Amino acid sequence: MTECYQPELRFSSLSRRKITADFIGGDLTSNAGLLLLRECDQRLGLSRSVAKVVNDPRRKACVEHGTEQLVQQRLLAIAAGYEDLNDHDQLRFDTALQAGSQRLVLDFDATDIPVYGEQEQRFFHGYYDSYCFLPLYVFCGRHLLVSYLRHSRQDAAKHSWAILALLVKALRQEWPKVEIVFRGDSGFCRHRILDWCRRNNVKYIVGIARNKRLERKLSGYLELARRWSNNGAFKFSLFKSFQYAAGTWKQEQRIIGKAEYTRGGPNPRFITTNIAR
């Protein structure tokens, strides 16, 4: 008897990234039917058409995911039987749902590993108030991409530029047109890293340490936040976008300041980003 079977199903690719369904393992999902719906959506242009007519009242400075991405996510989830919005907290990690639209956010962070013996390269770190190592971690969502062991007597951002460049090169070999976002706290606000991101089409959202110049830019908003919070009776926040350049920067960069007033008084915070919206 002739055995007829198809070893794999091929779908339209994400740039050069091949998407197939087969029986040999790899990334597993219980929502593989969404890939068929994605094919239909791409041919009909449904999500794209809906996104053009949907009113988006969000503050542009605070938007991370575009309207079309949100429409795609919602339509595919409803089609798969996930009507509750709370389901998206887990669905966003599903490989089939991610295939509809793709953005990679690389979160950089350094943290301490206390040491209690006489290990080599052990140093005292004032911030953590202990002898420790200071490894660098890079996450993409919940996936750990890099765990780089370092001693603690150094800048927390050391080698992060080189690691970011290697990651971007490797990721773009698989997804040449993927949008990559570098994200970190103020310890990673280094002008050479940010300059490299702009030259290589990498988006960034990085904290920036507060100083008197930045606080003056936000002073009017802080006063409004104080009044509207009833002198800190409840927490209240306002946001302001402006241009700023530190002394070592080659050019001005976009800053988003949060003018927050709490029971403890003013709590201004700042980030710098090259994302225009």
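Glu223, Arg226 and Arg227 are joined in a network of salt bridges, a salt bridge being defined as a side-chain nitrogen of Lys or Arg within 4 Å of a carboxyl oxygen of Asp or Glu. The structure is a predicted model, in which local features require pLDDT of at least 70 and side-chain atom pairs count only at pLDDT 80 or more, whereas totals for chains, interfaces and linings use all residues. Residues are numbered from 1 along each chain as its sequence is written, and side-chain values use heavy atoms, with hydrogens and water left out.

Because arginine 227 and glutamate 223 are four residues apart in helix H9 (residues 219–228), about one helical turn separates them; helices (H or I, at least four residues) and strands (E, at least two) are DSSP runs, numbered from the N terminus. Arginine 227 is exposed, with a relative accessible area of 54%, while glutamate 223 is partly exposed at 29%, where buried means under 20% relative accessible area, exposed over 50%, and partly exposed in between (1.4 Å probe, protein chains only).

By the rule given above, the count comes to nine salt bridges. One of them is formed by aspartate 155 and arginine 190, whose closest N and O atoms are 2.9 Å apart. This pair links distant parts of the chain, 35 residues apart, with aspartate 155 in the loop between strand E8 (143–148) and helix H6 (160–174) and arginine 190 in the loop between strand E9 (179–184) and helix H7 (191–199). Aspartate 155 counts as partly exposed at 35% relative accessibility, as does arginine 190 at 30%.

A further salt bridge is formed between glutamate 118 and arginine 122, with the closest N and O atoms 3.5 Å apart. Glutamate 118 counts as exposed, at 72% relative accessibility, whereas arginine 122 is partly exposed, with a relative accessible area of 21%.

Apart from these charged pairs, Leu44, Leu46 and Leu75 form a nonpolar patch on the surface, together having about 300 Å² of accessible area. Patches are made of residues with over 30% relative accessible area and no salt bridge, like charges being joined within 9 Å and nonpolar side chains (Val, Leu, Ile, Met, Phe, Trp, Tyr) within 5 Å; accessible areas come from the Shrake-Rupley method with a 1.4 Å probe, and for residues only the protein chains shown count as cover. Leucine 46 lies in helix H2 (residues 46–53) and, at 44% relative accessibility, counts as partly exposed.
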